[in-house]
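User: I am new to this structure and would like to learn how to read its features. Could you take me through them one at a time?

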Amino acid sequence: MLKERMRELVQHNAYELLLVILLAGSMAFSASLSPYFLTVTTLFDMTSQFMEIGLMSLAMTLVIILGQIDLSVASILALVGVVLGLLNEGGVALGFAIPAVLALATLLGLVNGWLAVTFRLPALVVTLGTMALYRGIGQILLGDRSTYGFPGWFVSIDFRYIPGTPVPLPLVIFATFAVLFYVLLHRTTFGRLVYAVGSNAEACRFSGIAVDRLQVLVFGLSGLMAGIAGLMMTSRFASARWDMANGLELDVITTVVLGGTSIFGGRGTIVGTVLALFVMGTLRYGMGLANVLPQNQSVVIGLLLIVAIFVPEAWRAWRARSRRRAQKGGEARAEVARDSAG
Amino acid sequence: MPEYYRQYTVTPAPSRIVILFGQEAPNGHRELGSAVALGAREPSGLSTRGLTKSFGGPPVVKDMEFELLPGEVHAIVGENGAGKSTFLKLLAGVHPPDAGQVAVDGVPVDIGNPTIARSLGISLIFQEPTLFPDLSVAENIFMGNHPVGRPLPFVGWQRMRAQAAELLESIGARVDPSQPVGELSVAEQQLVEIATALSHRARFVLMDEPTASLTPREVERLFAIIRDLTVRGTAVVFVNHRLEEVFAIADRITIMRDGVKVGTWGVRDITRDEVVRRMVGRELGEAPARPIASPGEVALEIEGLTSPGVFRDVSLSVRRGEIVALAGLVGAGRTEVARAVFGIDPFERGTIRLFGRPVRFRSPREALRHGLAYLPEDRQHQGLILPMSVAHNISLTVLDQLSRAGWLHRRRERELAQEQVQRLRVKANSVSQPAQSLSGGNQQKVLVGKFLVTQPKVLILDEPTRGVDVGAKAEIHRLIGELAEQGIAVLMISSDLPEVLALADRVVVMRDGRVAGELSRSEMSEEAIMHLAVGSDGRAAV
């Protein structure tokens, strides 16, 4: 009984298990690179390095399951930092400025979705444009300087812990959102529709589903999460620049794809994304500790991205083949049984 | 003179010696000095002995003995899953056989892959044409076989187009060789596939359900081409569900059941009833016409519906408890009318009334909310989400009702799906099985279930039994009858005339975007419907 349950667990979550093994591997790898890696404080503190990527990956998982992509998230993150800094410099209380920039981030995301839906453009093209546009606006607003002078309660979020534990606040925030997104994707009608539209938007339209509205909403959500990530990063650096988080959208997409979400849409899980986030983060942090040159880090991450695209597809092809084989056998057996019964 | 022609100008009977000399070929080319002597090489044609194939489990094709003679049309019939398609794929080198022997002209051959099959003169034409939509007709025909210039190895485009035109002309296809294939109809694409087969000098053309998406007129044209091919000595294997067509074209019929050959008969030595009986192993009989309903109030009324260039002045009505068939040739505008009513496409003028109230839906969502459901003809792309489970497919239209504040009640979803699966007798192991693992007929039932849960009062069915095997078809017919009895108004778009005759209380026939006429139960016959569909002068105005 237990054995059977275990086998079922392994079969249904094989890719996630693969990620767990990959995570253990990358931890062992990092530990071998640096003697400072395997301590409780290091392990917890390192997470603060990639919680922004994590927050954006959660929403990006939905975007990619929907069969779309959002290249503008890092630009939204930067613009949020810039606008928050300018509001702060202008004397606006952060209590007002923070909701305002989150609303702005959501709006920027909604604009992405609206453009794609209204002009029937691929999101790749639309967000390639807004990626440059949003970051450009940030540069115009702030110029080539940094903005700082944030109040003390806002900055250095990564040095705040749950009292009496080594758990940093960014990790807590990410964990909370991870649970929320898990529920949203796997337990609500909204999440079901994301899968359905990502698998076959045409059939959804015939089923009376407001496909366009769903797409706009998901992009809005992606903008919102980029905004929250923007707040977190601004707090960590205690400053903002127009070019912050440059290129981070690629890490976000790599994370989601490594997490087993199909770039063709229709498949993916939050658990996979979370595991992949820690695989990536561990690798990067370990390599940083061991003073691996940035270009060499890029090679490793680049290889990981290729593996991320190849392994899940190869895995699925293998699964599909073995399932088909099992099914054909089953059908034929059923027919034989029917014949001998009749 | 095209070379394929010289090689295969042979007569059907292998034992006769025929000498063809200076014959005028149908494509207008003078054929000089071509003498073909047959009979010396006996046996000729394609034969198999003990051909067996399994995909892990018990064999899908078992001990298949088959013989294909030059110039004959050999039909293979059987229910879905009988192993017909697999058998064709074995012959075409798509799958290697586990055991058995294939022989061409009595010489054992090993067909390891499609290239070898092609070099042996075997060409397989799939049910859905597998062409490159963005490439031209000529490029498709010569794909992998481009005429290459000398001394420079560039593609000879002009020569290619000229040869393509020649091939197409030889089968009477009026297709422009430089047109992209994606712009052609399915029927025209099939002609391109046949031309491709000819360019490979195919002696044995295997066709897997070639008529499934053709109109009756297109079927007629395909048959003329097949007959023309056989006159030239090409042998054709013809897999089909529609027995009328099989009896119209085939010389011999081989029946398969559960991977095993039941037998081969000359077309005159067996009746249609007997074929059906041997196919399914049980007596089916023609579906009896259902009793005439006593219809209630008018549920759906369409008046003067017009969308320029698509359909014009379409008026019809369906009462509660009534089944009205919408017949006509493919392209007559039937699906387009349904799509406009359902709110997918806009229309210019006209009124739609639902139980007397004028409505104009801007989206399927609105239509479903008002009790009007449309089951699209394209099950795979518009109907179901194939990778998702049966339960998730069925619940898709009513997710709002299965949730509270967005939270999905998965147990209620499961129960709802199980209810439908039982009611519709869907053959599935469980409702969490992916829809793509079901057979076509069962997928169609899931599609019906998916829209029944919206509790529609008016149901528009578009080709409800296309690509569905005989047994499942009868069940779907019974189901449609039951729905009408429960007071649902049914508008059924169907190209299957026996189906229309068996089910419909009335039939509205469309031609060229207009209503050509309406027939009551007593006036209905296949001839009367076709008469209206193609026009009184016998020519379709397309």
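User: Which residue is the bridge partner of B:I302 in β14(B)?

Analyst: Strands of a sheet pair through backbone hydrogen bonds, either parallel or antiparallel. Two strands count as paired if DSSP finds at least two bridges between them; strands (E, at least two residues) and helices (H or I, at least four) are DSSP runs, numbered from the N terminus. Here B:I302 has B:I352 as its bridge partner in β14(B). Strand β11 (residues 298-307) of chain B and strand β14 (residues 349-354) of chain B run antiparallel and are joined by 5 bridges. The model is predicted: local features need pLDDT of at least 70, side-chain atom pairs count only at pLDDT 80 or more, and totals for chains, interfaces and linings use all residues. Residues are numbered from 1 along each chain as its sequence is written, while chains are lettered from A and ligands numbered from 1 in the order in which they are written.

User: What is the order of the strands in this open sheet of chain B?

Analyst: The order is β12-β11-β14-β15, four strands with antiparallel pairing. The edges are held by β12 (311-319) and β15 (357-359) of chain B; each has a single partner strand, so one side of each is left without a neighbour in the sheet. On average, neighbouring strands of this sheet are turned by 20 degrees against each other, direction ignored.

User: Which helix lies across β11, β12 and β14 of chain B?

Analyst: Angles are taken between N-to-C directions, from 0 to 180 degrees, and axes are lines fitted to C-alpha atoms, for helices over the stretch in contact. Helix α10 (residues 334-342) of chain B lies across these strands and runs at about 110 degrees to β11(B).

User: Is α10(B) mostly covered or uncovered?

Analyst: A residue is buried if 20 or more other C-beta atoms lie within 10 Å of its own, exposed if 12 or fewer, and partly exposed in between, with C-beta atoms placed from the backbone. By that rule, 9 of the 9 residues of α10(B) are buried, and the helix is mostly covered. B:G343 follows α10(B) and has a positive phi, near 90 degrees.

User: How many residues of helix α2 (residues 84-91) of chain B are buried?

Analyst: In α2(B), 8 of the 8 residues are buried, so this helix is largely enclosed by the rest of the structure. They include B:K84, B:F87 and B:K89. Just after α2(B), B:G93 adopts a positive phi of about 80 degrees. For chain B as a whole, 47% of its 542 residues count as buried.

User: Which residues touch the most other members of the largest nonpolar core?

Analyst: A nonpolar core is a set of buried Ala, Val, Leu, Ile, Met, Phe, Trp, Tyr and Cys residues joined through C-beta atoms within 7 Å. The largest has 171 residues, and A:L77 and B:M492 touch the most other members. Helix α11 (residues 211-237) of chain A contributes the most to this core, 14 residues. Another core, of 66 residues, lies apart from it and includes B:L68, B:F142, B:V175 and B:V246.

User: What does A:L77 touch?

Analyst: Two residues are in contact if their C-beta atoms, placed from the backbone, lie within 7 Å. Leaving out residues up to four places away in sequence, A:L77 touches A:E52, A:A226, A:A229, A:G230, A:M233, A:A245 and A:L248.

User: At what angle do helix α6 (residues 94-118) of chain A and α11(A) pack?

Analyst: The angle is about 145 degrees, and the axes of α6(A) and α11(A) are 7 Å apart.

User: How many residues lie between β21(B) and β22(B) in their hairpin?

Analyst: There are 2 residues between β21(B) and β22(B), and B:D512 in the turn has a positive phi of about 55 degrees. The strands, residues 506-511 and 514-520 of chain B, run antiparallel and are joined by 6 bridges. One of the pairings links B:R511 with B:R514 in β22(B).

User: Is A:G143 buried or exposed?

Analyst: A:G143 has 12 other C-beta atoms within 10 Å, and is therefore exposed. Its place is in the loop between α7 (123-142) and α8 (169-187) of chain A.
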